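Welcome, and thanks for taking a look at this one with us. Here is a short briefing to read alongside the sequence and the model.

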Amino acid sequence: MKTCPSCEKGELIKVDNVIMEIENYVFVVKGERCTKCDEEFPFEDETQKMIEASKNKY
Ligand SMILES: [Zn+2]
């Protein structure tokens, strides 16, 4: 298990409902969430996908 880099106490568990906001758009992506502090860490490739998607809307 991965330890949370934010609180260093909780564990990161995989989730598929991390909320991201990019340029006023809200996306739900896969990532990890801390069991203690609820900090969310979206996966890098998911983040990239969302950034691309938000660009394509213009
Ligand atoms: Zn944490």
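**How the chain is put together**

Among the contacts in the chain with a separation of 6 or more, 36% join residues 24 or more positions apart. Please keep in mind that this is a predicted model.

**Overall layout**

- The secondary structure amounts to 4 strands and 1 helix.
- The C-alpha trace spans about 40 × 20 × 15 Å along its principal axes.
- Of the chain's 58 residues, 10% count as buried.

**Helix α1**

- Helix α1 covers residues 44-56, and its 13 residues should span 18 Å at 1.5 Å a residue.
- The C-alpha atoms at the ends of α1 are 19 Å apart, which agrees with that expectation.
- α1 is hardly covered, as the count of buried residues among its 13 residues is 1.

**A closer look at Lys36**

- You will find Lys36 in the loop that links β3 (25-34) with β4 (40-42).
- Lys36 counts as partly exposed because it has 14 C-beta neighbours inside 10 Å, whereas a buried residue would need 20 or more and an exposed one 12 or fewer.
- Leaving aside residues up to four places away in sequence, Lys36 touches Cys4, Cys7, Lys9 and Gly10.
- Ser6 and Lys36 are 30 residues apart along the chain, and their C-alpha atoms are separated by 9.9 Å.

Definitions and conventions. Residues are numbered from 1 along each chain as its sequence is written. This is a predicted model: local features need pLDDT of at least 70, side-chain atom pairs count only at pLDDT 80 or more; totals for chains, interfaces and linings use all residues. Helices (H or I, at least four residues) and strands (E, at least two) are DSSP runs, numbered from the N terminus. The expected span of a helix is 1.5 Å times one less than its number of residues. Two residues are in contact if their C-beta atoms, placed from the backbone, lie within 7 Å.
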